[in-house]
Amino acid sequence: MSQTFDVIIIGGGIAGCSSAFQLAKRGVKVALLEKSEIGAGGTGKSSAVIRQHYSNKLTARMALHSLRVFQNFEDEIGGECGFTPVGFLAVVEAKDQAGLEANVALQREVGIQTELLSPKALREIMPGVEIADLVAAAYEPEAGYADPYLTVNAYANAARRHGAKIFLDTEVTGIRFAGDKVVGVDTPGGQFDAPQVVNCAGPWGARVAKMAGIEVPIDPCRVQVSFFRRPAGHESPHPVFADFIHAFYVRPETGNLSLVGVIDPSEAEARVDPDDFNEQVDSDFILHTGEQLVRRYPAMEQSQSAGGFASLYGITPDWHPIIDEVAGGFFTCAGFSGHGFKLGPAVGVIMADLVTGESKPQFDPHMFRFSRYTENDPVKGQYEYSIAG
Ligand SMILES: Cc1cc2nc3c(=O)[nH]c(=O)nc-3n(C[C@H](O)[C@H](O)[C@H](O)COP(=O)(O)OP(=O)(O)OC[C@H]3O[C@@H](n4cnc5c(N)ncnc54)[C@H](O)[C@@H]3O)c2cc1C
């Protein structure tokens with residue numbers, strides 16, 4: 001016996017759960033099918049940094065919208081997201097100073113609270129930072145990080161409260177079409193029918209699209225983070241710090257730890273089978289991130305490694321998602337690369353507007369259309385010094 005819905009969402013990460021919530025809130029009959037559990041993909045392992053430092057107006061507006069949701073999570077969504085507003089600092093070297101300044105101007109134009117800081121002023125916010133190689137910094141006092149697992153489960157629960165049905169341990173194995181219109185999906189437990197299906201399968205996004213006969217450029221790539229225990233006199237919390245010179249970021253983690261990841265386009269080369277990859281952190285990675293951290297924050301010489309882990313990004317050629325109807329009634333909302341968590345609240349609104357054919361959408365997702373790759377019009381940061389978006 002098949003079950004019939006208005007919309008089927010494939011994947012219970014932040015994109016799927018936020019979309020399910022926004023659609024269910026509008027009275028749409030939603031089924032979300034997740035092959036494992038809520039947050040089992042990249043979302044549950046996300047560093048969940050929430051910054052607005054973007055170089056496109058659209059992504060900056062999405063990040064700002066989402067920040068307001070994280071700040072008022074209990075009222076807006078219900079439940080907890082663990083938002084911790086420690087602030088965000090980004091630093092660059094001389095060649096990128098003009099870009100940083102232009103970015104901050106763009107962000108202020110869309111209403112983001114951010115400012116330029118001299119290296120000396122930066123040190124007042126984060127004492128102990130090495131500033132000899134810095135020319136400029138950007139500061140966002142409202143930014144911080146959240147708990148991704150709490151957040152995505154709160155979205156799933158909010159979707160359920162609005163009537164969405166969430167099916168765990170339910171893997172989509174096929175997508176059915178009648179002519180050129182999608183009509184449903186297959187799972188080992190039976191068929192689900194709906195005239196609209198949304199692929200929110202993150203790093204599995206290309207596999208799921210292939211079931212519909214569509215090739216989307218989303219590579220599942222292994223990424224790592226490491227933890228370091230902070231020495232006496234330098235305890236957490238500290239602001240989130242993005243070092244675009246040494247290509248790493250660091251944020252506080254529970255238990256007087258700092259969590260360190262890299263900001264490196266070469267992560268796109270670490271393609272893996274998303275169902276079979278090494279989830280342990282490499283010792284080389286711990287060594288590398290430890291060295292970078294100490295260069296920027298010499299007191300961390302006294303810190304101790306506290307391990308780490310590896311997880312997945314779903315990376316597109318321009319590090320931006322595909323959010324589009326890629327076949328009749330079949331949507332893809334995946335490929336968020338390394339920055340999709342913080343945009344999650346806005347992404348749900350975009351998907352609900354797209355799927356319901358809202359005549360006055362809150363955001364125009366044209367920039368994320370699938371055809372941009374064949375049109376040779378990828379998303380580019382207006383003032384780009386990294387993969388920050
Ligand atoms: C280590 C790490 C650090 C990060 N740091 C940040 C950060 O600081 N800030 C930020 O904004 N972003 C960050 N990101 C990126 C961000 O977490 C991701 O972009 C975002 O969580 C992706 O969400 P998603 O819903 O698209 O995909 P996922 O969370 O990967 O969800 C996809 C889901 O689809 C399910 N699925 C797959 N195939 C099927 C199928 N056939 N049937 C049913 N279900 C299926 C999977 O089980 C999975 O649960 C980080 C990511 C990682 C891994």
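**View 1. The bridge between Leu32 and Ile166 in a predicted model.** Leu32 has Ile166 of β9 as its bridge partner, and β3 (residues 30-33) pairs with β9 in the parallel sense over three bridges. Strands (E, at least two residues) and helices (H or I, at least four) are DSSP runs numbered from the N terminus, and two strands pair if DSSP finds at least two bridges between them. Residues are numbered from 1 along each chain as its sequence is written. The model is predicted, so that local features need pLDDT of at least 70 and side-chain atom pairs count only at pLDDT 80 or more, whereas totals for chains, interfaces and linings use all residues.

**View 2. The open sheet of six strands.** Pairing is mixed, and the strands follow the order β9-β3-β2-β13-β20-β19. Because β9 (165-167) and β19 (322-327) stand at the edges with a single partner strand each, one side of each is left without a neighbour in the sheet. From one strand to the next the twist averages 20°, where angles run from 0 to 180 degrees between N-to-C directions of axes fitted as lines to C-alpha atoms, for helices over the stretch in contact.

**View 3. Helices α1 and α9 against the sheet.** Helix α1 lies across β2 (7-10), β3, β13 (196-199) and β20 (330-334), and runs at about 170° to β3. Helix α9 (residues 344-356), which lies across β2, β13, β19 and β20, runs at about 170° to β20. Contact between two residues requires their C-beta atoms, placed from the backbone, to lie within 7 Å.
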